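Let's take a walk through this structure together, stopping at a few places along the chain.

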Amino acid sequence: MRKIVLSFWQLKPVKWLRNIRGFKLVYTPLLAIVLFTAVMGVILGTLQLQEKSQQESALFRELSFAKQRIQLRFSNNTDIFQSIGRDYLNSIESEKDQANVTLQAENLLQSNHEIVQLLWINEDNIIEWKVPNNNAKTTWLNKPENAHTLKEALKKSSELSNATLRPAYSQFITLDVPLDDPVAKDMRHVFWQTVPQLAGVDIKGSIAVLYSTQAILEIIPGELKGQYRFTLLTDDEKVLAISSDRNTPKRAFSNQTSLDIGVLSPNLVLRIDTYPPATNLTFRMLIGVVLGLSAFVIWSLWSVLKQMQVRQEAEANLRTETNFRSAMENSTPVGIRAHDMNRSITYVNPAFCEMTGWSAEELIGQKPPFAFWPESQKAELTEKMNRALQLTHNHEKKVGIEGSIIRRDGSIIQTRTFIAPLINEKGKQTGWVTSLIDISEPKKIREELAASQERFVTVLEGLDAAVSVVSNETGDLLFANRFYRERFGDSPKGHFDLAGQDASKHQTLSQFDINTFSHQESGSNEIQIIDSASGQQKWYEVRRRFIPWVDGHLAQLLIATDITIRIEADELARQQEERMQFTGRLTTMGEMASSLAHELNQPLSAISNYCMGVVKRLQGQLDPILQKDIIPALEKASEQAHRAGTIIQRIKGFVKRSEPQRKSCDIGEIINDAVGLVEIEANRHRLSIQSQVADNLPLVDLDPILILQVLVNLLKNSLDSLREAYPLSSRWSAPPVSISADLDTSIFPAMLRIQVTDAGAGIDEAVIERMFEPFFSTKNDGMGMGLNICRSIIESHQGRLWAKNLMDTEQTKRSGCSFTILLPLETPGSQANI
């Protein structure tokens with residue numbers, strides 16, 4: 001009903017009635033319905049007010065009755081408590097009388113469910129007994145979280161009672177109990193009442209009673225609680241107890257009053273709410289029928305008026321739409337013309353007349369070929385128009401026809417024509433409507449853009465750098481120039497390799513990253529990747545940045561320039577610089593060797609001369625036994641000084657790149673000399689050297705001093721390896737360093753083979769590859785020149801020197817190292833002399 005009335009007012013009936021004043025038959029039933037509805041509304045309102053007044057009166061009576069019962073119960077309980085207290089004070093000397101008092105208290109608790117517990121507190125504030133002692137309710141009172149709160153509240157109530165000498169109450173206490181326990185639910189809100197027992201003006205004790213607010217509502221008769229909902233509230237509207245969880249209707253009647261349960265009691269409010277009363281079905285049906293009939297009549301009138309308004313609005317809308325379409329056609333720059341089924345022009349808008357320079361009267365009635373078509377294109381344009389009209393007649397897709405129009409002043413404009421069928425109200429086609437757009441300027445711009453794009457693509461294709469664009473969202477390759485396609489194909493993998501990203505883990509950037517990278521200057525990185533075609537390492541200088549693509553989405557632009565030649569040139573320059581530095585250091589060492597040779601030759605010559613002079617002075621003057629011990633030692637010292645001078649001279653000559661001073665030598669003697677020089681140091685470290693020289697070895701043309709220097713260096717290195725592998729306490733078990741000489745007949749021609757072998761920890765493969773390089777050393781105090789000079793000496797003799805690790809029997813770990821020297825038995829110079 002309400003919805004119909006609102007719709008009725010929305011349709012503005014006053015305006016309708018003014019527009020249809022000739023239809024006087026509408027007024028009479030409408031006025032009757034309005035008067036009838038008004039009278040029924042007054043009657044229903046009066047009945048409603050009367051019923052509401054009766055309900056409020058009944059509600060107040062019931063609330064007063066409930067209030068009276070609760071206050072009377074508390075008053076009676078106070079009298080009973082005072083009686084029990086007096087009886088207990090009088091029965092102190094009789095245990096039987098005390099038992100009767102306790103029994104009386106228990107009976108009181110059984111009849112009054114609002115009492116949870118009753119205590120007797122003596123004059124020293126000590127609880128002598130309590131009823132009940134233990135049950136389901138008192139269990140929750142003894143919980144630690146509740147006991148302290150109850151004790152504090154009881155203390156305050158007792159102090160107030162003792163101060164005023166009258167019954168006093170505590171504030172309401174909320175206990176921590178589970179809501180799903182029906183027994184504990186009644187214990188949610190409690191309070192104390194303390195009743196002092198006086199003997200004159202002296203307090204002999206007091207009775208403390210713990211009340212449950214939920215159980216107080218049980219004082220109200222069940223009949224009233226079935227019809228009304230009672231609620232106990234505090235001053236701040238906190239709910240202490242409620243008789244039913246059933247909700248009351250929104251328009252329920254309510255009333256409330258304050259409860260005076262004692263002089264020193266907390267403020268307590270009792271509220272009553274009504275439940276919906278039983279429905280008077282007959283009365284309501286009668287009202288419903290009357291209202292329904294009234295609504296039906298009003299709806300009928302409303303429908304008639306609505307149809308009239310709809311018709312008038314349709315006419316007004318039609319006029320508005322016609323005016324709108326006319327204004328739109330007159331204002332649009334698009335030329336519009338209509339054709340009948342014979343293809344004659346039946347309508348043109350002002351824009352078409354302005355486009356052609358012809359008036360509407362001149363254009364209407366023309367048939368193709370039209371006078372505004374260029375003479376040279378009339379046949380072509382007629383064929384295009386016939387084909388487009390046929391497509392639209394068959395309800396196929398609309399086709400735009402590109403053509404030309406010659407204006408009356410002789411100028412030509414380029415146009416695009418769209419054709420659509422003209423359908424009447426019966427759904428029958430009566431012609432066509434065509435719209436023309438001047439595309440002269442856009443076509444010119446399009447052609448210029450195409451030429452510009454072609455030039456730009458030509459430049460990109462001719463670059464000797466890879467240019468690629470990849471979508472940030474999908475990771476697809478959007479553009480790649482010729483250089484990129486030749487190097488990386490049509491896959492975006494090359495782009496991600498150059499960008500240092502994993503194509504399988506492509507992630508889109510957040511809006512924050514997009515804003516950051518879009519305004520960031522592009523930097524360059526040097527990337528090394530493997531060319532898939534040649535398999536070679538290629539260096540690229542990569543520049544990238546994020547740009548908005550043509551579709552508006554973010555894309556990554558990358559330009560990679562092949563700088564492999566430049567990198568290789570830089571590397572070659574670096575190596576040349578290192579060689580120059582090495583050459584400089586060798587020159588410095590040569591100068592140092594020359595200086596050392598000059599400075600050491602004099603003292604070494606003096607040592608040799610002094611030793612030989614001493615020998616001559618001692619010969620014939622000492623005991624023969626002493627001569628046998630001293631003279632050989634002095635001769636050896638002189639010989640070693642001479643040998644040291646010879647070595648220095650040979651090293652000096654080698655540094656000056658002079659040829660070795662060769663002579664035919666017995667390799668066994670050189671090995672024995674080397675062992676003799678190193679054996680002293682070996683014995684000092686508790687190590688030994690073992691030599692094995694094959695029999696009948698031929699004499700070899702070589703420089704004995706330089707070869708001796710090589711063997712001494714290799715033997716010392718082997719001893720150092722054993723010292724590191726074997727600690728001092730276990731060197732007695734260390735195998736000796738072995739030096740051997742034989743002929744290697746596995747090659748042709750046969751060569752002299754010298755091997756120095758130790759049982760140390762071996763040499764790392766990485767060290768073996770570099771150990772012969774100048775200035776490379778694994779020793780903290782090493783110069784890194786020993787093995788390099790050794791290889792240089794051997795190679796100057798047209799020989800070879802290399803090292804090889806020895807493995808254990810299981811081939812799992814290194815068991816030592818072997819240095820091998822191969823020297824030719826005959827030098828090229830000796831063969832030439834033969």
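Glu 95, Lys 96 and Gln 110 are exposed on one side of helix 4. This is a predicted model, and in it helix 4 runs over residues 95-111. The helix has 17 residues and reaches 25 Å from its first C-alpha to its last, close to the 24 Å expected at 1.5 Å a residue. Now turn to its buried residues, which are Val 101, Ala 105, Leu 108 and Leu 109. They cover an arc of only 100° around the axis, so they sit on the same side of helix 4. The spacing behind such a pattern is simple: an α-helix has 3.6 residues a turn, so residues three or four places apart point the same way.

Helix 3, residues 27-90, holds Ile 43. Together with Val 39 and Leu 47, Ile 43 forms a nonpolar patch on the surface, with about 230 Å² of accessible area for the three together. Ile 43 itself has a relative accessible area of 41%, so it counts as partly exposed, a class that lies between the 20% and 50% cut-offs.

Next, the aromatic rings. Searching the whole structure turns up 14 aromatic pairs. One of them is Phe 172 with Phe 191, edge-to-face at 5.5 Å centre to centre and with 80° between the planes. Phe 172 lies in the loop between strand 3 (168-169) and strand 4 (173-174), while Phe 191 belongs to strand 5 (residues 189-199), so the pair ties together parts that are 19 residues apart in sequence. Phe 191 is buried, at 0% relative accessibility. Another pair joins Phe 370 and Trp 373: the ring centres are 5.0 Å apart and the planes stand at 75°, so this pair is edge-to-face. Phe 370 is buried at 0%, and Trp 373 is buried at 7%. Phe 172 and Phe 191 are also members of one aromatic cluster with Phe 74, Tyr 169 and Tyr 211.

Finally, have a look at some backbone details in the loops. A cis peptide bond links Val 131 to Pro 132, with omega about -10°, and Pro 132 is in the loop between strand 2 (127-131) and helix 5 (136-141). Phe 748 and Pro 749 are likewise joined by a cis peptide bond, with omega about -5°; Pro 749 lies in the loop between strand 24 (737-744) and strand 25 (751-758). Leu 165 is not a glycine, yet its phi is positive, at about 60°. Leu 165 sits in the loop between helix 6 (144-164) and strand 3, and is partly exposed at 37% relative accessibility.

Methods:
Residues are numbered from 1 along each chain as its sequence is written. This is a predicted model: local features need pLDDT of at least 70, side-chain atom pairs count only at pLDDT 80 or more; totals for chains, interfaces and linings use all residues. Side-chain values use heavy atoms; hydrogens and water are left out. Patches are made of residues with over 30% relative accessible area and no salt bridge: like charges are joined within 9 Å, nonpolar side chains (Val, Leu, Ile, Met, Phe, Trp, Tyr) within 5 Å. Accessible areas come from the Shrake-Rupley method with a 1.4 Å probe; for residues, only the protein chains shown count as cover. A salt bridge is a side-chain nitrogen of Lys or Arg within 4 Å of a carboxyl oxygen of Asp or Glu. Helices (H or I, at least four residues) and strands (E, at least two) are DSSP runs, numbered from the N terminus. Buried means under 20% relative accessible area, exposed over 50%, partly exposed in between (1.4 Å probe, protein chains only). The expected span of a helix is 1.5 Å times one less than its number of residues. The arc is that of the directions from the helix axis to the C-beta atoms. Rings of Phe, Tyr and Trp (its six-membered ring) pair if their centres lie within 6.5 Å; planes under 30 degrees apart count as stacked, over 60 as edge-to-face and the rest as tilted.
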